[in-house]
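Keep the viewer open and look for each residue as you read.

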Amino acid sequence: MKFKDKALSSMQNFARAMFMPVLILPIVGLLVAVANLFTNASLIQQFPFLDNPVTIGFGTILSGCMQPILSNLGLIFCVGVSVGLAKEKKQDAAFISVVTFVVFLNAMNKFMNLQGLLAPADALSGTGQSITLGVQVLEMGAFLGILLGIVVSQVHNRFINTEFKGAFQIYGGQRFVFIVMIPVTIILAVVCTYVWPPIQSVISAFGHVIGNSGNLGYFLFGAAERLLIPVGLHNVLNPMILYTSLGGSEVIGGQLIEGARNITLAEIASPDVVTLSGAAIFECRGVTKIFGLSGAALAMYHAARPENKQRVKSILVPVVLTSCIAGITEPIEFSFLFVAPVLYVVHAILSGAGLVLANLLGARTIAYNGIIDFILYNIPVGIQKTHWPMFLLAGVIMFAVYYVVFLFLIKKLNLHTLGREAEGGEMKLYSKKEYKEKQQADKAAKQGDTIDAATIVAALGGKDNLLEVDNCFTRLRLKVKDISLVDDERLKKDTGAAGVMKSGEVVQVIYGLKINAVRKAVDAELQK
C-alpha cells in the first residue's frame with residue numbers, strides 16, 4: 001500500500017474510533033437543553049405551572065447528571081478511542097483504558113507533588129491545572145483521553161493474545177496488557193508533566209487565533225467540515241473544535257470551560273450570561289443543513305428535464321427532509337458529489353459563508369443538526385440569549401444563494417445532476433417500479449424486516465474479502481483485502497446505497513438513516 005493510502009487509512013480508522021464518544025455527546029447536549037426547559041427562570045415566569053418542586057427537581061437532577069459527562073471528556077474519549085482502535089476483544093480494551101486513566105492521573109499527581117509543581121488547590125484558575133476525578137493534575141481535557149486511548153489500543157493490539165505457560169499463565173492476555181501499561185503510563189505521566197505545558201500554550205494560542213479571527217475562523221471551519229465528509233475525517237475535526245481548547249476557552253461560573261460546544265452549553269445554563277458568545281456560531285451549521293441544501297435541491301429539480309422532474313422530486317423530497325429534520329446530509333450531498341464535484345466544492349465554500357453570515361447578522365443559535373435541535377435548544381432559552389430570528393433570516397438568505405448559484409452552475413456548465421445525466425452516465429434515476437421497490441425496502445428496514453445482506457456482502461467481494469466491518473451515523477465502514485472486487489454500481493443499484501467511497505483498502509458505503517439495520521443484517525450474514 002502506498003504511504004499516502006496508508007496514512008489516509010490510518011486517519012479514517014482514527015476518525016471511526018472518535019465516532020463512539022462523539023455519538024453520545026450531542027445526546028448529552030440535548031438532555032441538558034431538556035433540563036433547561038424545567039429550570040429556566042424566564043420560562044417558569046411565563047408558564048407558572050412549571051414552578052413546582054417536581055419539574056424543577058427533575059430538571060436539576062437531569063442537568064446535574066449530564067454536566068459531569070461534559071466535564072470528564074478525557075475519560076469518555078479514552079474509553080471510546082481505545083475501543084474504536086482495538087482490533088479484537090474490545091471489552092478488554094475498554095476495561096484497561098479506564099484503569100490506565102486512573103493510573104495516569106495519580107502518577108502525574110504524585111510526580112508533580114514530588115517536584116513541587118502542584119498549585120494551591122484553592123487557587124487553580126490560570127495555573128493550567130485542574131481537578132479530574134478528584135485528582136489534581138495538568139488540565140489536558142479531551143486530549144488526554146485521546147492520547148491514552150491511542151496508547152492503550154496499540155499495546156492491546158500488540159499483546160492481548162500473549163500467553164505464558166506454567167505458573168505464569170495467569171499473567172497472559174488482558175493481564176499482560178495491564179502489566180505492560182503500568183510502566184508505559186507512569187513514564188507517559190512524567191513526560192507529559194514537562195511536555196504538555198508548552199503544547200498547551202501552543203494549543204491555547206491557536207484556539208485564541210480561531211476565536212479572535214472571527215469570520216475567517218468560522219468560514220474555515222464550515223468549509224473544512226464539508227470537505228472532509230467524503231473521506232469521513234470530519235469526525236476528527238469536529239471534536240477538536242467542539243470539545244477541546246482549540247475551540248476556545250472561557251471561565252463561566254468560576255470554572256474553566258474548553259471547547260465551543262461546552263462553552264455554549266455552559267452559557268445556556270448560566271443565569272449570568274445575557275447573550276451567548278461567538279462560540280455558538282460553530283453550532284449554526286444548520287443554516288446549511290436546513291436551508292442551504294434545500295435551495296440546492298430545488299435548483300436541481302428546476303434544472304432537471306421536464307420529463308424527469310416528477311421522478312427527481314420523488315428522490316429529492318425524502319433526502320431533503322432527512323437533512324432538515326435530522327441533519328443527515330450525506331444522501332443529498334452524494335447525489336451531486338460524484339457527478340458534479342464542482343458543486344460540492346461550491347457547497348463547502350457556501351457552508352463556510354453561511355456561518356459568516358449568521359455571525360454578521362448577530363445569530364447565536366444552536367442548530368448543528370436539524371429542526372429538532374433548533375427547537376429544543378433555542379425556543380426555551382429565548383430570543384435575547386440566542387437571537388434565533390437572525391438565524392432564520394440567515395437561513396432564508398442562504399436558501400436563495402444556494403438556489404441561484406446551483407441553478408446557474410448546473411445550466412452554465414451543463415452538469416449532469418439528477419434528471420440531467422447523460423446516456424449511460426453513472427448517476428441514474430429510479431424508474432417508478434424501482435422507486436416503489438426501494439421505498440418498500442426502506443419501509444421493511446424500518447419495520448425490522450430482513451435486508452438483503454447477502455447482496456451487500458457479495459457486492460463487497462464476499463466474506464473472505466472483508467477484514468473489518470464498522471459503521472457511523474450514515475455509513476458502513478469496511479476494510480477489504482482487494483478493493484477491486486467491490487462493485488460500486490451493484491451496491492447503489494441493488495442495495496440502495498447513496499454512494500460509495502474507496503481509498504486504499506478502506507471502503508465507505510453510504511446508507512443514511514437505515515445504517516443500523518444494514519449493519520445488523522451484514523453482521524448476521526457474516527456469521528452464517
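**Notes on the model**

1. Let's begin with one serine. S294 has a relative accessible area of 14%, so it counts as buried. You'll find S294 in helix α11. Setting aside neighbours within four places in sequence, S294 touches V320, C324 and F399.

2. Now step back for the whole chain. This is a predicted model, so keep an eye on the confidence values as you go. The mean pLDDT of the chain is 84, and 90% of its residues reach 70 or more. There are 21 helices and 8 strands in the chain. Of its 528 residues, 53% count as buried. Look also at contacts between residues at least 6 apart in sequence: 69% of them join residues at least 24 apart.

3. Where is confidence lowest, and where is it highest? The lowest is in α18, with a mean of 46, and the highest is in α17, at 96. Be careful with residues 423–439, where pLDDT stays under 50. The model has 23 contacts beyond four places in sequence for that stretch. Residues 444–449 also stay under 50, and for them the model has 4 such contacts beyond four places in sequence.

4. Next, some helix packing. Two packed helices are described by the angle between their axes and the distance between the axes. Take helix α11, residues 286–303, and helix α14, residues 341–360: they pack at an angle of about 125°, with their axes 10 Å apart. That angle makes α11 oblique to α14. The two helices cross in a right-handed way.

5. Which residues bring α11 and α14 together? On the α11 side they are V287, T288 and L293, and these meet H347, S351, G354 and L355 in α14. Sorted by type, the residues of this contact are 3 nonpolar, 4 polar and no charged.

6. Now compare that with another pair. Helix α4 (residues 73–85) packs with helix α6 (residues 141–159) at an angle of about 30°, and their axes are 7 Å apart. This makes α4 roughly parallel to α6, because angles under 35 degrees count that way. The crossing of α4 past α6 is right-handed.

7. From α4 it takes in L73, G74, F77, C78, V81, S82 and L85. From α6 come G141, A142, G145, I146, L148, G149, I150, V152, S153 and N157. These residues of the α4 and α6 contact divide into 10 nonpolar, 7 polar and no charged.

8. Is S97 buried or exposed? Its relative accessibility is 0%, so S97 counts as buried. This serine lies in helix α5, residues 90–114. Leaving out neighbours within four places in sequence, S97 is in contact with C78, V79, S82 and V152.

9. H387 has a phi near 55°, which is a positive value in a residue other than glycine. H387 sits in the loop between α16 (383–386) and α17 (388–412). With 27% relative accessibility, H387 counts as partly exposed.

10. N414 is the other one. Its phi is also near 55°, again positive in a residue other than glycine. N414 belongs to the loop between α17 and α18 (432–446). At 47% relative accessibility, N414 counts as partly exposed.

11. Finish with another serine. S484 is in the loop between β6 (475–480) and α20 (488–494). How does S484 count at 59% relative accessibility? It counts as exposed, because the cut-off for that is over 50%. The C-alpha atoms of S484 and G461 are separated by 8.4 Å, and the two residues are 23 apart along the chain.

Conventions: Residues are numbered from 1 along each chain as its sequence is written. This is a predicted model: local features need pLDDT of at least 70, side-chain atom pairs count only at pLDDT 80 or more; totals for chains, interfaces and linings use all residues. Side-chain values use heavy atoms; hydrogens and water are left out. Axes are lines fitted to C-alpha atoms, for helices over the stretch in contact, and angles run from 0 to 180 degrees between N-to-C directions. Helices (H or I, at least four residues) and strands (E, at least two) are DSSP runs, numbered from the N terminus. Angles under 35 degrees count as roughly parallel, over 145 as roughly antiparallel, 65 to 115 as roughly perpendicular and the rest as oblique. A crossing is left-handed if the near helix is turned anticlockwise from the far one by less than a right angle, and right-handed if clockwise. Contact means heavy atoms within 4.5 Å. Ala, Val, Leu, Ile, Met, Phe, Trp, Tyr, Cys and Pro count as nonpolar, Asp, Glu, Lys and Arg as charged, and the others, Gly among them, as polar. Buried means under 20% relative accessible area, exposed over 50%, partly exposed in between (1.4 Å probe, protein chains only). pLDDT is the predictor's confidence in each residue, from 0 to 100.
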